[in-house]
Amino acid sequence: MTIDMNKIAQMSCNPAIGGIAKGQIVREIDALGGYTGIITDRASIQFRMLNRSKGPAMWSPRAQCDRMKFSQYWRETLENIPNLHIWQDIATELIVEEGKAAGVRTQTGAEFRATCTIITAGTFLNGLMHIGKVQIEGGRVAEPAAKGLTESITAHGITSGRMKTGTPVRLDKRSINMQLVDIQEGDSDFHKFSYSNTERTLEQLPCWGCYTNPKVHEILRGSLDDSPLYNGQIQSIGPRYCPSIETKIVTFAERDRHLLFLEPEGETTQEIYVNGFSSSLPMEAQLTALRKIPALENAVAYRPGYAIEYDYFDPTQLKHTLESKIVGNLYFAGQVNGTTGYEEAAGQGIIAGINAAHKIDGKEDFVLRRDEAYIGVLIDDLVTKGVDEPYRMFTSRAEYRILLRSDNADMRLTGKAHSIGLATEERYQRLCKKKEMIARLTEFITNFSIKADLINKGLEELGTTPLVRGCKLAAIIERPQVTIESISKYIAPLRKELEKLGNDRDEITEATEIEIKYRGYIERERELAERMIRLENIRIKGRFDYNSIESLSTEARQKLTAIAPDTLAQASRIPGVSPSDINVLLVLARK
């Protein structure tokens, strides 16, 4: 059910998918059989692999998309999925019978009955937009807010709160002096989002960069009295890691410039998204400030930036399946759980959908551990730690990020998805073939011996130390200056092995090289993960009356009672529960 079928998958803010850690989530969705990666590749007008100067655990795919085609491709896809039906309306009331969700009633008076209901309302619940002192009810620009549903849900004991996000002004590219901005081209190699054979067919475009300056900041500071963020008009908390421009100049007052990215909204449109200039200041202040940037001196806007406040629900009241602990058969996914971003929402959506379907069919829960997926980290953080600001995924949130790389999402998850009927047989066979080719190439590199006099000239040309004596090829590949492709020029048998890989050569070579170069780190992290899995296997839900355990700290008793973790490992990740508290529970669990 959606308010406007013409805006299915509308990119409300940035016309891009992926980014730091978010890109890994999209690859995980693709590995599970979801469509986000496929449609992103089809709608992509620029692809980049971020953080390539760092190790592969940090590499993060990101694609600039054609906003209109992205929405169009999604609607075409959804309308042609068997057994999926779409209804245009606004849900205003949750139907609850005998403590379980039984469907919804809508603004038009329609009633939909269902065994399971999933709420994915984004920023629409009692949405309120702010442009200076102007306030407009709505879920996003030109779309109405959803009213009544929040109150209908909280009437059953589910806690709600308010959060804020924002979006920047959109400019007409024709009014920008493109001679005064820095150009940023995309990548042109084999990387993409989907593990399927989807190709990028749209024209690939650059993005551009420029900077604010002291004159810009002076105008912004002079307008802070009219800023809803600073005059008390907005009380809710905004995203820490995607702050408004007015927050930047206050928080980082010592900085005299901030980087802005000018990003195209589509292949043919003139609309430019000003990334880094999210604002809720009055329209005049936004444009006056931007025009102090030389390249934007004559800037013409399509629409101003604005802030938006909306309702969310406390995610600690959810199970790891994203089902409510309070109202049975009711699931929540996306910004209603306190997250920010398309990718975090999509990752929750596929897990909520799988588990709702499994509940109807009487199948077991589908939960991803923290060592299995960024999606697992995201959901575990939400339900065990809760949120006090919009949650955004970063690689630093994952303690096993060497295991959760963007290159191996299919190796981690496609087998699981195939076993529950989500990933197709074609996807599964592609994975099996990939595993076989990686194993074969790894075995060759591990066992092939190389003589010093045959390889030393090549090593010198690659800028690395010559050999004193012969060694296995794997020892050479482990060197940071050497890649499988670069060394293959000097080793004919290796070239023959690579030729056998056909069209998958780049993907297989990269995956194999990462496994060889980082083998020690990967093995150590697997050992750490296995230790934590032992705590995951110690189930404590319903076993203790925490308030009666005097050896626990007062805070631990309160937090454990409120969140009621399923396992000892989950309990260990709750803020306020110390290692000594976990030891107490471990001793009691053994008894």
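The entries below follow that order.

I worked throughout with a predicted model.

**Entry on helix α3.** I first looked up the extent of α3 and found that this helix covers residues 67-79, 13 residues in total. I read a span of 19 Å from the first C-alpha to the last, close to the expected 18 Å. I then listed its buried residues, which are R67, F70, S71, Y73, W74, T77 and L78. Viewed down the axis of α3, these buried residues fall within an arc of 165°, so they line one face of the helix. I asked which elements the buried residues of α3 pack against. I found β1 (16-18), α2 (36-43), β3 (60-65) and β10 (160-172). At the start of α3, I noted that a side-chain oxygen of D66 comes to within 3.2 Å of the backbone nitrogen of M68.

**Entry on L330.** I placed L330 in strand β17, which comprises residues 330-332. Leaving aside residues up to four places away in sequence, I recorded contacts of L330 with L94, A101, T117, I119, I158, L322, E323 and S324. I also compared L330 with T340: the two are 10 residues apart in sequence, and their C-alpha atoms are 21 Å apart in space.

**Entry on cavities.** I searched the whole structure and found 4 cavities of 30 Å³ or more. The largest cavity holds about 80 Å³ of space. I noted its lining residues, among them L318, H320, K325, K541, D566 and Q570.

Definitions and conventions: Residues are numbered from 1 along each chain as its sequence is written. This is a predicted model: local features need pLDDT of at least 70, side-chain atom pairs count only at pLDDT 80 or more; totals for chains, interfaces and linings use all residues. Side-chain values use heavy atoms; hydrogens and water are left out. Helices (H or I, at least four residues) and strands (E, at least two) are DSSP runs, numbered from the N terminus. The expected span of a helix is 1.5 Å times one less than its number of residues. Buried means under 20% relative accessible area, exposed over 50%, partly exposed in between (1.4 Å probe, protein chains only). The arc is that of the directions from the helix axis to the C-beta atoms. Contact means heavy atoms within 4.5 Å. A polar contact is a pair of N or O atoms within 3.5 Å; within protein, one must be able to donate a hydrogen and the other to accept it, and residues adjacent in sequence count only if both atoms are side-chain atoms. On a 1 Å grid over the protein atoms alone, a cavity is a set of points where a 1.4 Å probe fits but cannot get out, and a pocket is an open set with protein on both sides within 12 Å along at least five of seven lines; lining residues have an atom within 4 Å of a point. Grid points are joined across faces, edges and corners, and a volume is the space filled by probe spheres set on the points.
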